[in-house]
Amino acid sequence: MMVDSRAKGAGFEREIATKIYEHLGVTVRRDLEQYREALHGDLIGLEGWTIECKRYADNSSFLHKSEWWTQACNAARNGEKPVLIYKFDRRPIRCVFPLHVVNIELGEALDQVCTTTFETWCYVVRNA
């Protein structure tokens, strides 16, 4: 059975929007400009963050692809922090964001990242 990757991605974006509302009380929505112009995150409305979502079939490494992180960083503008939220089939949701968000003394390098659970990222958002 063929899977429509665009529909799968849109469904995951809606799932993440719901989870953000449940955990943070913030309403975010899909940015439909992402299909018309490059350099847009997938979800908008969480102040200070650019959200990029990826949903893929299983991956034996369980780690994000470097091009996903590059895409998230390129979409972040005006001082926003990028976050890559991804999920492989039958695996938990993972979040990647710059390490300096949790320790400003580390500088603002985007190549130094931490990967956490969705719940931990929400904790960071609430307390950063």
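Visitor: Is Arg 55 buried, partly exposed or exposed, and what is its relative accessible area?

Guide: Buried means under 20% relative accessible area, exposed means over 50%, and partly exposed lies in between, with a 1.4 Å probe and protein chains only. Arg 55 has a relative accessible area of 23%, so it is partly exposed. This is a predicted model, in which local features need pLDDT of at least 70 and side-chain atom pairs count only at pLDDT 80 or more, while totals for chains, interfaces and linings use all residues. Residues are numbered from 1 along each chain as its sequence is written, and side-chain values use heavy atoms, with hydrogens and water left out.

Visitor: Which residue meets Arg 55 in a salt bridge?

Guide: A salt bridge is a side-chain nitrogen of Lys or Arg within 4 Å of a carboxyl oxygen of Asp or Glu. The partner of Arg 55 is Asp 89, at 2.3 Å from N to O. Arg 55 belongs to strand S3 and Asp 89 to the loop between S4 and S5, so the pair links distant parts of the chain, 34 residues apart. Helices (H or I, at least four residues) and strands (E, at least two) are DSSP runs, numbered from the N terminus. Asp 89 counts as buried, at 17% relative accessibility.

Visitor: How many salt bridges does the structure hold?

Guide: There are three. Another joins Glu 13 and Arg 30, whose closest N and O atoms are 2.6 Å apart. Glu 13 lies in helix H1 and Arg 30 in strand S1 (residues 29–30), so this pair ties together parts 17 residues apart in sequence. Glu 13 is buried, with a relative accessible area of 4%. Lys 54 also forms a salt bridge with Glu 52, with 3.6 Å between the closest N and O atoms. Lys 54 and Glu 52 are both buried.

Visitor: Which residues have the most contacts inside the largest nonpolar core?

Guide: In soluble globular proteins, nonpolar side chains tend to be buried together. A nonpolar core is a set of buried Ala, Val, Leu, Ile, Met, Phe, Trp, Tyr and Cys residues joined through side-chain atoms within 4.5 Å. The largest one here has 23 residues, and those with the most contacts inside it are Ile 16, Ile 20, Ile 85, Phe 118 and Trp 121. Two or more residues come from each of helix H1 (5–24), strand S3 (49–56), strand S4 (81–88), strand S5 (94–98) and helix H3 (118–127). A second, separate core has eight residues, including Cys 73, Leu 84, Phe 88 and Val 96.

Visitor: What is Ile 20 in contact with, leaving aside neighbours within four places in sequence?

Guide: Contact means heavy atoms within 4.5 Å. On that basis Ile 20 is in contact with Gly 25, Val 26, Val 28, Leu 43, Ile 51, Phe 118 and Trp 121. His 23, in helix H1, touches Phe 118, Glu 119, Cys 122 and Arg 126, not counting residues up to four places away in sequence. At 28% relative accessibility, His 23 is partly exposed.

Visitor: Where is Asn 78 found, and what is its phi near?

Guide: Most residues other than glycine have a negative phi. Asn 78 has a positive phi, near 50°, and is found in the loop between helix H2 (66–75) and S4. Asn 78 is exposed, with a relative accessible area of 81%. Arg 90 also has a positive phi, near 60°, and is found in the loop between S4 and S5. At 67% relative accessibility, Arg 90 counts as exposed.
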